[in-house]
Amino acid sequence: MIKGRDIIIVGIQPWDIEIGSNCKNIATEFAKDNRVLYVNPPLDRITRYKQKQKESIQKRIKISKGQQSDIEIIDENLWNLYPKTLIESINWVPNHQLYNTLNKHNTKRFANDIKKAVRRLGFKDVLLFNDSSMFLGLHLKDYLRPELYTYYVRDNLVKVPYWKKHGEQLEPKVIANADVVVNNSEYYVDYTSKYNQNSIMVGQGCDVTMFDDSEGNIPVPEEFNAINGPVIGYVGSLTTLRLDIELIEFIAKQRQDWNIVLVGPEDENFKQSNLHHLQNVHFFGNKPADQLASYIKGFDVAVNPQVVNEITIGNYPRKIDEYLAMGKPVVATKTKAMQMFKDFTYLGKTKEDYVTLIEKALTEHSVTKAKQQIEFANKHTWANSVKDIYMAMETTLKLI
């Protein structure tokens with residue numbers, strides 16, 4: 001257990017991000033026993049120009065001019081730093097050598113902002129935790145001189161176009177440079193251990209409290225009243241980068257007595273898909289996070305029709321924990337990351353598998369199985385995940 005330490009967290013998501021964030025959850029857990037400085041990614045020149053009308057960018061511009069404080073208190077022992085320095089937008093640079101030179105310059109400016117904040121807060125002998133910031137994270141260890149540098153991998157970012165361009169050559173260097181690498185799936189352990197033998201699986205946390213329906217008080221939304229027959233549902237972002245439209249269409253056409261309910265924002269491919277012309281497919285739109293449990297409660301079977309590609313193959317699917325926490329039967333795509341759920345879900349590889357497994361889920365589910373699912377999901381707390389992160393950090397501290 002790490003206690004009484006000063007921890008700096010850098011990552012790819014700012015504190016004021018509008019969606020959920022693993023790193024924010026980890027920071028909150030860290031701050032229960034340590035002083036934590038959560039550092040937002042610095043503002044780059046192109047973003048400042050193209051998004052200058054956004055409220056969040058306006059705030060950063062005011063901070064850069066000294067009109068607002070760059071440090072905000074989030075909670076006891078938890079501060080949020082808005083770097084004042086504007087960094088250059090360099091991802092377009094085609095040459096790796098030139099990019100690396102410019103990236104090092106950006107990192108130095110970024111690190112200077114962090115060092116100023118550290119001095120003001122009186123942080124000493126810091127531990128540096130990096131949530132997948134592979135570009136700015138490459139040289140931070142040199143500039144900040146932490147007592148321990150931990151790199152956190154929770155997504156296959158190097159296969160996402162923006163990160164792939166320079167990330168495929170940079171992230172292995174960041175991984176090798178870290179003192180310890182913590183991962184939220186075994187797939188990523190296999191990847192990171194190629195470059196750093198001190199690569200540890202720490203699982204994934206999930207705030208399942210909002211999916212606790214033990215008292216039966218969570219209401220089913222009125223949208224479900226107009227639907228007759230079994231509801232096969234999905235909650236989350238509807239993007240072809242991660243979901244298989246053809247699979248969803250196949251299920252809907254094969255079993256027209258089933259209703260496919262999709263809850264979440266759509267990308268352009270989903271908006272233009274044939275799914276909108278199928279009478280048994282229902283798009284409920286994007287919903288606030290605090291309402292998602294109500295929609296999951298309306299499902300007879302919850303699904304994760306994931307497309308398997310370089311981006312998704314190693315992902316820890318947090319929505320599976322949310323489904324299980326509500327005791328819903330779950331059908332999902334079989335991947336290495338899903339193997340830890342194999343005793344509590346139905347896993348398929350083909351379109352035909354999905355239809356067969358949904359039928360099984362509808363007929364086999366029971367109160368006993370629901371109870372087992374809920375107990376399993378409740379083990380995947382952020383407290384337990386951070387406990388494993390602490391163990392990896394403590395073990396490494398003893399070795400360096």
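Tutor: Let's take the labels in turn and set the values against their cut-offs. Keep in mind that this is a predicted model.

Student: Let's start with the cysteines. Why is Cys23 called buried?

Tutor: Buried means under 20% relative accessible area. Cys23 has 1% relative accessibility, so it counts as buried.

Student: How do you know how many disulfides the structure holds?

Tutor: You check the sulfur atoms, because a disulfide needs a pair of cysteine sulfur atoms within 2.5 Å. For Cys23, the closest cysteine sulfur is in Cys206, 17 Å away, which is too far for a bond. Cys206 is in no disulfide either. The count for the structure is zero.

Student: On to helix H3. Which of its residues are buried?

Tutor: H3 spans residues 55–64, and Ile57, Arg60, Ile61 and Ile63 are buried there.

Student: How do you know on which side of H3 they sit?

Tutor: Look at the arc they cover around the axis: it is only 160 degrees, so they are on the same side of H3. Helix H2 (45–50) is among what covers the buried residues of H3. Just after H3 comes Gly66, with a positive phi of about 80 degrees.

Student: Now the sheet. In what order do its strands run?

Tutor: It's an open sheet of eight strands with mixed pairing, and the order is E3-E4-E2-E1-E5-E6-E7-E8.

Student: What makes a strand an edge strand here?

Tutor: Pairing on one side only, and that is the case for strand E3 (71–75) and strand E8 (199–201). Ignoring direction, neighbouring strands of this sheet are turned by 25 degrees against each other on average.

Student: How do you know that E5 and E6 count as paired?

Tutor: Two strands pair if there are at least two bridges between them. Strand E5 (residues 127–131) and strand E6 (residues 148–153) have five bridges, in the parallel sense. One place to look is Leu127, which stands opposite Leu148 in E6.

Student: Which strands does helix H6 touch?

Tutor: H6 (residues 161–177) packs on the sheet and touches E5, E6 and strand E7 (180–183). The direction of H6 makes about 135 degrees with that of E6.

Terms used
Residues are numbered from 1 along each chain as its sequence is written. This is a predicted model: local features need pLDDT of at least 70, side-chain atom pairs count only at pLDDT 80 or more; totals for chains, interfaces and linings use all residues. Side-chain values use heavy atoms; hydrogens and water are left out. Buried means under 20% relative accessible area, exposed over 50%, partly exposed in between (1.4 Å probe, protein chains only). Helices (H or I, at least four residues) and strands (E, at least two) are DSSP runs, numbered from the N terminus. The arc is that of the directions from the helix axis to the C-beta atoms. Contact means heavy atoms within 4.5 Å. Axes are lines fitted to C-alpha atoms, for helices over the stretch in contact, and angles run from 0 to 180 degrees between N-to-C directions.
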